[in-house]
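Subject: Handing over the model

Hello,

Here is the structure I promised to pass on to you. Please have a look at it first, and then read my notes below.

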Number of protein chains: 2
Amino acid sequence: MRTAIDPISDRPAYKQIADAIRDAVSSGEIGPGEKVPSEADLIRLFNVAQGTVRNALSLLRAEGLLRAEHGKGVFVRERPPMQRKASNRFRRSHRDAGKAAYTVDAEALGIKHDVEVFKVGPDVVPDEIAERLGVPVGSTVLVRSRRYLHGPTPTEIATSYVPWSIAEGTAMAEENPGPGGIYARIEEAGHRLGKFTEDVTARMPMPDEAKALHLPSGTPVMRVLRTAYDTNGVAVEVCDTVMTADLFVLSYELPAD
Amino acid sequence: MRTAIDPISDRPAYKQIADAIRDAVSSGEIGPGEKVPSEADLIRLFNVAQGTVRNALSLLRAEGLLRAEHGKGVFVRERPPMQRKASNRFRRSHRDAGKAAYTVDAEALGIKHDVEVFKVGPDVVPDEIAERLGVPVGSTVLVRSRRYLHGPTPTEIATSYVPWSIAEGTAMAEENPGPGGIYARIEEAGHRLGKFTEDVTARMPMPDEAKALHLPSGTPVMRVLRTAYDTNGVAVEVCDTVMTADLFVLSYELPAD
DNA sequence: TAGTGGTCTAGACCACCGC
DNA sequence: CGGTGGTCTAGACCACTAG
């Protein structure tokens, strides 16, 4: 690794140090999961103060390249294996086979998954959801809030909203909605599903999301806002999902005409 | 705005300051585009050293909440109007009308857009693309690399790859591929388009991407890797797009069966 | 020129980790 | 315990922006 700062360059010292570390990582000199030199080492190597070194390291952490472990050291982040959200995961044949959507994806990867239910019950609909669901602002909907995990790793937080008129008295309002998930229950309630739309955005996490998803700093989240429509074009469910960006690839298929 | 640090709490001072500013923003006390108190102000208000204040501010910049302008101040970031990538933007009817895909989206918003072509010509295919395109590693493809802008704001960098056997001698290899974009040219060359797949991921930008897209720190990018197939299921083009995350909503429509 | 953010130093103390 | 990262102070100088 380069260990000199060019005093002529007008690039700040901390950025030069960050460059040197970034290069060492991309050249393979320091591999994924390996430790970068300690702050004390870097202070000696580059002959700078601690603040300058910390500035360099915090830049690389914000970029998502490094991860710090208090008392142990700073390490190159390793990318865990990715999961796919296949665009066919809402097919009726899967529901008929008793599989919920996330089961389709997880099974395709042989991944053991868990679901933690935070809350299931009627509540006031958030304004943004009311608009998509086509219900009056302030009306009551069934709220299902839960977290998905792969082994010990939380991967996504999801909240579903169903008009209370559809959900009332069904298994949707139970902790476990039964085989095929809530979409199977919605169809049983007489609302045959016609299509889904998904709106995908990405941003940095809110502090509470970072906590719930165990996000290291420098990891963005993807947000998928999915609306389910029946065959009459009436919205019957909205699902708001926030997922760790580097654990997912969202795959979609589009017709040419 | 709160201006006191709880000395009993074990939450670090810089995080308490960040919390106070975050609260002031979310309560509307400081609106989008408005200036937050200067470093000197915050030093006085909270009775801390400059380093502590800077720590708080850089946290909020990494979160994407604030944006600093050297010599002027630190401001609450304003979210510009979002653009939609409609899932129908590859319809043949649009191509027949002479519209390229990005034109469909931009027109829908009444946005003036520009394209800057970086490079058009034959080159060696990157390994990752070769796999998707189904061509041998190391073979030659047409590479079209360009940047899209809305007014002065760069929004996305896109690179298309077409097997040289398809592209050779056509207008695809020109700077301006003509009406309907390269998909129209691909169809003219006898490859009727059957479907597209898009794989969406999000991450923090590489330094060169941050530069090319004028990204403020704390802004992630979305990456869309699109593959176009002809009606025989043969891949005819791959497009690798990196876009400023907070300027886009990707919209998709999924059938229920 | 005064006020702003950007960089850097030197030194201190703390909290966490592993031996 | 020694080594690691985390927080904080006090003060300095620089670069940019505006009046």
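Let me start with the charged pairs: over all chains, the count comes to 40 salt bridges, a salt bridge being a side-chain nitrogen of Lys or Arg within 4 Å of a carboxyl oxygen of Asp or Glu. Before the details, please keep in mind that this is a predicted model, in which local features need pLDDT of at least 70 and side-chain atom pairs count only at pLDDT 80 or more, while totals for chains, interfaces and linings use all residues. Residues are numbered from 1 along each chain as its sequence is written, chains are lettered from A and ligands numbered from 1 in the order in which they are written, and side-chain values use heavy atoms, with hydrogens and water left out.

**Salt bridges within a chain**

A:D41 and A:R44 are joined by a salt bridge with an N to O distance of 2.6 Å. Both sit in helix α2 (residues 39-46) of chain A, three residues apart, which is about one turn of the helix. (Helices, H or I with at least four residues, and strands, E with at least two, are DSSP runs numbered from the N terminus.) A:D41 is partly exposed, at a relative accessible area of 28%, and A:R44 is exposed at 57%. Here buried means under 20% relative accessible area, exposed over 50%, and partly exposed in between, with a 1.4 Å probe and protein chains only.

In another pair, A:R223 forms a salt bridge with A:D240, and their closest N and O atoms are 2.9 Å apart. This one links distant parts of the chain, with A:R223 in strand β8 (residues 221-230) and A:D240 in strand β9 (residues 235-244) of chain A, 17 residues apart. A:R223 is buried, with 17% relative accessibility, and A:D240 is buried with 15%.

In chain B, you will find a salt bridge between B:E198 and B:R226, where the closest N and O atoms are 3.4 Å apart. B:E198 lies in strand β7 and B:R226 in strand β8 (residues 221-230) of chain B, so the pair ties together parts that are 28 residues apart in sequence. B:E198 is buried at a relative accessible area of 1%, and B:R226 is buried at 8%. Salt bridges with shared partners also join A:R11, A:D19, A:R22 and A:E63 into one network.

**Where the two chains meet**

How are the two chains related? Chain B can be laid on chain A with an RMSD of 0.2 Å by a turn of 180° and a shift of 0.2 Å along the axis, the copies being superposed by least squares on the C-alpha atoms of residues with pLDDT of at least 70 in both. The two copies are thus related as by a two-fold rotation axis. The same surface serves both of them, as 100% of the contact residues of chain B recur in chain A; contact means heavy atoms within 4.5 Å.

Each side brings its share: 37 residues come from chain B and 37 residues from chain A. Together the chains bury about 3,100 Å², 60% of it on carbon and sulfur atoms. (Buried area is the accessible area, with a 1.4 Å probe, that two parts lose on being put together, summed over both.) B:Y252, B:L254 and B:A256 supply 23% of the area that chain B buries against chain A, more than any other three residues.

The rule finds two salt bridges across this interface. A:E253 forms a salt bridge with B:K195, the closest N and O atoms being 3.8 Å apart. On the side of chain B that touches chain A, α4 (92-96), β7 (193-203) and β10 (248-255) each supply at least two residues. β7(B) gives the most, with eleven residues.

**A residue to look at inside chain A**

A:I21 is in helix α1 (residues 13-26) of chain A. Is A:I21 buried or exposed? A:I21 counts as buried, at 0% relative accessibility. Neighbours within four places in sequence aside, A:I21 is in contact with A:M1, A:V36, A:L42, A:L57, A:L60 and A:L66.

Enjoy exploring the model!
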